[in-house]
Amino acid sequence: MNITLRMAWRNLWRHKRRTWLTIGAMIFSNLLLVFLISLQFGSYRMMIDNTLKSYTGHMQIQLDGYNDDPKIRNSFDNIIPLAQKIRKRLKSDTVAARGVAFAMTSSDLRSYGLQITGVEPEFETKVSTLPGLINKGRYFTDINAEEIIIGSVLARNLRVVIGDELTLLGSGRDGSFAAGVVIVTGIFESGVSGIDRSMAQVPLGYFQSLFSMGDEGHNIVINAKDLPLVSALQQNISNIIADRKDLVILDWNVLQPGLKQAIQADMASAWFMYAVLIILVAFSVLNTQLVSVLERTREFGTMMALGVKPVRLGSLVITETFIMSSLGLVIGAALGATLAYYLSIVGFSYPGMEEMAGKFNLPDRMYPSLSLLSILLGPGIVFFCSLLASVYPALRLFFLHPVSAMRAV
Amino acid sequence: MNSHLPFKVIFTLAWRNLWRNHRRTLIMLSAITVGVWAMIFMTALMRGMVDDMLLNGIRNLPGEVQIHHPQYRDDPSINNSIAAPDETLLKALQIAEVKAWTSRVRVPAVISSERDSRGITLLGVEPVSEAQLSFDLDSIIEGRFLKDSNDTGLIIGAKLAERLETRLGKRVVIMSQDPDNNIADRGFRVVGIYKAKMASLEEIYVYAGLTTVQKLLNLENKVSEIAVTGNDYRHVKGWYPVIKNAAGENRQTLPWYEADTYLGAMLAMMDGFVLVWIVVIFLALSFGLVNTLIMAVFERIREIGLMQALGMRSSLILYQILIESFLLLVIGLLLGNVLAVGTIIPLQDGIDISAVAQGMEMMGGSSVLYPALKLNDMLLANAIVIILGLLTSILPAWHAASFDPIEALGKD
């Protein structure tokens, strides 16, 4: 073992209590950081997944301008063949064409103004979780069927069950009067009341004839295999649709700007808190190391008189901090990871969370998501800042005069 | 022996001891100052955000207390309407705590211009009381607000006007359902355009005169909801039972925190968060505090032994260390409070967070954050730091007081 390392180790245990208290401060903040960061990662991921997978998708191809001005007129032609072409080129099923319109939806007893989405039955199931959430009835089988699926809250409000008829009244793409009768074939329940209250889907073929759309539609939803792959896929698709100058491909950040910003706002406040914790730990380390240098003035003076260079003494102090920080890192990260792992299995909830969660399409229990990054990010920064804090005490050694130092009390 | 003398002496001793190692004391002071600053500053920011969300939320609910048909909240249909306030209720609404009340018809409807149609919420309102309760007259950017309940004009949001490609003075058609499920429709002239704090609301709420809407929907004098405000959302608990009793059993009377459980949960969670945050920061501080005291005690072992040998009671040594810790905490608190107030005051005009405006909207907040410095939060932070700080100091102090003088004198 290196002599500096051995001396540092022994020096640390000359003051057991002090060392453990300093390490304790690190363990405490590391534990908290690992837990909170894992929880954050977990909830952001769920927020994104749940919001995007229920409807929006990772990317959409739209007519340029539709996103800012989603009018029925801003549609584009040949939507079904285009979707088919993209599926072929990407060799992927997670591509589906849609049309969107507003209609007054009436049952015998009730009427509501609703956003109606026309979907490709075969592929909608690949891009959205809604079809899978049908707990009464079934999803569409025919793209031209005069059928509708609605959310459970909407079904309750409209007082309809499977097999009942709904009347749709609205205006078509050309401004003409659009009216039709559809049969409720499925009712889905996502548990998020906003979705269950307001979503309705009909098959795209029927949608196009009802709203005088011809072969047009409003967007093609495309999902990547995983979030990090979105931008690469987006590039790929924009090459495929390069011949269609009127179309754009938009990713979820553009489609749902609120989502990313909510995450950013939350991140900002969370990192403020983490920064405070980390600064307090750094102060703690600074304090301990400064005192430990000061109380060894005589000892260091003697060592220098014996020919030890200040650099060596400085690295001794840094090594001591290094050992403490490593212990803090390992123990803190291990405890934090254990806690987060346990909660990632049983879930975690606090009073009021259910109401909060509903607002962000989250389930009412949270599951921290454990990764190397979420475990090591916080403790890593604590480790680094602790080392930084010991630089000042170490630097003081360079201004030590052996003779006066040996005389110091 | 004069009992005051020893106290004065140990106080002086504690004060001088504190500054014997001024570097260490200064570092600890900085740590306490930063900690206390963070406690108060962060709390003020979060309070400000939640206050804003609550005020926005209650405005949009709207009303601190609302009266509905028991089924209305689950099924907001025209069929679940209630009669206009009767005498008993009118009398209850006279109580001093009630600052304003209004009744509305609130129904889902479809609005169509010649270019497009949208699903909206149609609000039939009494313009005068509505303006006292929730509608901000300054938000009208073009035209005027409704004059009275018989006004046949329509007020729509700027965003909706843009979507419908309509403008001031143009005609639009409103389509909804009457109690017999017949489609009722009527043309309206747009007489005013408003801009809301939250853009999404502009697309949803459309205002028309109460009587006009009642006529359109064959409602006679029935309404969907009665909203009441006392201008202080924290004190609704005191007066809402009066209204509830007057409204009677067959109507549902809810205070805002039950009507929107998200908002209620936010307020409760905020109080919880403040406490947890303060305690967490304190815990992070406490390691350093205990460490500082332990170091102070250990380097003075001989001195303490000598004092004991000279006849100083060990309880006085305990007090001496506790006073040292107390002085450290008080100075740190003082600096922390001053720093917190000093950083919050320049931010009173609001912090622009419009970069994340749409995100804040998801949470129900707006794009300017006003820190809210609450005396209670400050007191809580100070009390926790002093009380828990002294408690954690007892251990090192007790340790110092229980030295054996002979052994202590023998230490090097």
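Modeller: The dialogue below treats domains, the interface, the core, a helix, a strand and some backbone angles.

Modeller: This is a predicted model, in which local features need pLDDT of at least 70 and side-chain atom pairs count only at pLDDT 80 or more, while totals for chains, interfaces and linings use all residues. Residues are numbered from 1 along each chain as its sequence is written, and chains are lettered from A and ligands numbered from 1 in the order in which they are written.

Colleague: Into which domains is chain A divided?

Modeller: Domain bounds come from an automatic or database domain assignment. For chain A, this gives domain 1 (3–51 + 259–407) and domain 2 (59–223). The centres of these two domains, taken over C-alpha atoms, are separated by 52 Å.

Colleague: What is the domain assignment of chain B?

Modeller: Chain B has domain 1 (4–57 + 264–410) and domain 2 (63–258). Their C-alpha centres lie 50 Å apart. Six residues of domain 1 of chain B are in contact with six residues of domain 2 of chain B; contact requires C-beta atoms, placed from the backbone, within 7 Å. On the domain 1 side, the elements giving two or more residues are α2 and α10 of chain B. By class, that side has two nonpolar, three polar and one charged residues.

Colleague: How many residues of chain B are in contact with chain A?

Modeller: In general, the size of an interface is often given as the accessible area lost when the parts come together. Here residue contacts are counted instead: 51 residues of chain B are in contact with 54 residues of chain A. Elements that give two or more residues to the chain B side include α2 (22–60), β2 (100–112) and α10 (261–298) of chain B. The largest share, 17 residues, comes from α10(B). Helices (H or I, at least four residues) and strands (E, at least two) are DSSP runs, numbered from the N terminus.

Colleague: Which classes of residue make up the side of chain B that touches chain A?

Modeller: That side has 30 nonpolar, 14 polar and seven charged residues. Ala, Val, Leu, Ile, Met, Phe, Trp, Tyr, Cys and Pro count as nonpolar, Asp, Glu, Lys and Arg as charged, and the others, Gly among them, as polar.

Colleague: Which residues have the most contacts inside the largest nonpolar core?

Modeller: A nonpolar core is a set of buried Ala, Val, Leu, Ile, Met, Phe, Trp, Tyr and Cys residues joined through C-beta atoms within 7 Å. A residue is buried if 20 or more other C-beta atoms lie within 10 Å of its own, exposed if 12 or fewer, and partly exposed in between, with C-beta atoms placed from the backbone. The largest core has 224 residues, and those with the most contacts inside it are Ile220(A), Val281(A) and Val206(B). α2(B) gives the most to this core, with 20 residues. Beyond its neighbours within four places in sequence, Val281(A) is in contact with residues including Ala25(A), Val382(A) and, in the other chain, Ala284(B).

Colleague: What span does helix α12 of chain A reach?

Modeller: An α-helix has 3.6 residues a turn, so residues three or four places apart point the same way. Helix α12 (residues 310–346) of chain A has 37 residues and reaches 53 Å from its first C-alpha to its last, close to the 54 Å expected at 1.5 Å a residue; the expected span is 1.5 Å times one less than the number of residues. Leu335(A) is placed in this helix and touches Ile27(A) and Leu31(A), residues up to four places away in sequence not being counted. Gly347(A), whose phi is positive, near 85°, follows α12(A).

Colleague: Why does Leu335(A) count as partly exposed?

Modeller: Leu335(A) counts as partly exposed because it has 16 C-beta neighbours inside 10 Å.

Colleague: With which strands does β2(A) pair in the antiparallel sense?

Modeller: Two strands pair if DSSP finds at least two bridges between them. Nine bridges join β2(A) to the antiparallel strand β3 (residues 111–119) of chain A, and the two form a hairpin with four residues between them. Ala103(A) stands opposite Leu114(A) in β3(A), whereas the partner of Met104(A) in β6(A) is Leu169(A).

Colleague: Where is Arg159(A) found?

Modeller: Most residues other than glycine have a negative phi, and most peptide bonds are trans. Arg159(A), although not a glycine, has a positive phi of about 60°; Arg159(A) is found in the loop between α5 (152–158) and β6 of chain A. In chain B, Glu165(B) has a positive phi of about 55° and lies in the loop between α5 (158–164) and β6 of chain B.

Conventions: Two residues are in contact if their C-beta atoms, placed from the backbone, lie within 7 Å.
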